[in-house]
Amino acid sequence: MKRRVISTLTIIIGLVLLVYPKVSEVYNNYQQKKIVKEWQQSLGSSEEIMDNGVGSILPGSLESDKDSGDEEEKNRKNEKKLTEGYTKKNIKGMLKIEKINLNLPILSGATEGNLKISVASIEHTGNAGEFGNYAIAGHRSRTYGRNFNRLEEVEIGDIIEVDKGEKIYKYTVVEKLFVKPEETWVLNNNKNIKGITLVTCHPMVDNPTHRLIIKGKILD
């Protein structure tokens, strides 16, 4: 009996370990799409606010069906403000590289939580379209096309776009290199250049030894 229980538990644990990565990826994809939708809504690209993936947790949303027309409209406006505030704080724009079919939200701060969902700006580096070095980090997944999985395909002369909503900044790739993790000089600012740096691990193994660096310069 004891052996049977142990065998059953072993099978269950094995199935959980097998399924968890895929479930986690599906959830992160959902979060990514939700963030993009909220950002689009904050730019006024959509009039629909209630069906935004976060409405169910916003104050007053559970009571909206009981409100009068005026009260419901007031709640909708409050929800819109909260959604826009969240989006403004957490998303800096969209990163696009047509060559590798990449189109990802840029989250604020390269925390582990943010990097699980998408790519993220590295704190204390520059800003898009400004003088300095705008650095963006991202994980590489074994799932083809996810996050910076295909970044190694980018070559000198390719175009990187940062869509800030009000303006799109285009950069041409000028350098591609592989460095050790401690070589943080790649993040240094150059106040004379409007640059961008994309950072990811290399190679795609559990314990990568290097970093793949893609550097770009703004197209005036």
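View 1. Ile 160 is found in strand β5; helices (H or I, at least four residues) and strands (E, at least two) are DSSP runs, numbered from the N terminus. This is a predicted model, where local features need pLDDT of at least 70, side-chain atom pairs count only at pLDDT 80 or more, and totals for chains, interfaces and linings use all residues. Residues are numbered from 1 along each chain as its sequence is written, and side-chain values use heavy atoms, with hydrogens and water left out. Ile 160 is buried, at a relative accessible area of 0% (buried means under 20%, exposed over 50%, partly exposed in between, with a 1.4 Å probe and protein chains only). Setting aside residues up to four places away in sequence, Ile 160 touches Leu 95, Lys 96, Ile 97, Tyr 169, Lys 170, Tyr 171, Val 173, Ile 196, Leu 198 and Ile 214; a contact here means heavy atoms within 4.5 Å. Take Ile 214: it sits 54 residues from Ile 160 in sequence, with 9.9 Å between the two C-alpha atoms.

**View 2. The nonpolar cores.** A nonpolar core is a set of buried Ala, Val, Leu, Ile, Met, Phe, Trp, Tyr and Cys residues joined through side-chain atoms within 4.5 Å. The largest one has 23 residues, and Leu 95, Ile 136, Ile 160 and Leu 198 touch the most other members. Two or more residues come from each of β1, β2, β4 (132-137), β5, β6, β7 (194-202) and β8. There's also a second, separate core of 13 residues, with Ala 120, Val 179, Val 199 and Ile 213 among them.

View 3. Strands β1 (residues 91-97) and β2 (residues 102-108) are antiparallel, with six bridges, and Gly 93 has Ile 106 in β2 as its bridge partner.

View 4. Strand β5 (residues 159-163) runs antiparallel to strand β6 (residues 168-179), and five bridges join them. Ile 160 is back again here, standing opposite Tyr 171 in β6. The two strands form a hairpin with four residues between them, and Gly 165 in the turn has a positive phi of about 95°. β6 is also joined to strand β8 (residues 210-218), antiparallel, by eight bridges; in that pairing, Thr 172 has Lys 217 in β8 as its bridge partner.

**View 5. Salt bridges.** The structure holds six salt bridges, each a side-chain nitrogen of Lys or Arg within 4 Å of a carboxyl oxygen of Asp or Glu. One of them pairs Asp 163 with Lys 96, whose closest N and O atoms are 3.7 Å apart. That pair links distant parts of the chain, from strand β5 to strand β1, 67 residues apart. Asp 163 is buried at 12% relative accessibility, while Lys 96 is partly exposed at 26%. Another joins Asp 158 and Lys 99 (3.1 Å, N to O), linking the loop between β4 and β5 with the loop between β1 and β2 across 59 residues. Asp 158 is buried at 16%, and Lys 99 is partly exposed at 42%. Arg 140 and Glu 152 meet at 3.3 Å, N to O; both are in the loop between β4 and β5, twelve residues apart. Here Arg 140 is buried at 15% and Glu 152 is partly exposed at 32%.

**View 6. Asn 114 in helix α3.** Asn 114 lies in helix α3 (residues 112-117). Asn 114 is buried, with a relative accessible area of 15%. Beyond residues up to four places away in sequence, Asn 114 touches Leu 107, Ser 108, Gly 109 and Ala 120.

**View 7. Where to read with care.** The chain averages a pLDDT of 75, and 58% of the residues score at least 70; pLDDT is the predictor's confidence in each residue, from 0 to 100. Residues 15-22 have a pLDDT below 50 and zero contacts in the model beyond near neighbours in sequence. Residues 45-68 also have a pLDDT below 50, but this stretch has 37 contacts beyond near neighbours in sequence. Where pLDDT is low, the predicted coordinates should not be read in detail.

Conventions
Pairing = 2+ DSSP bridges.
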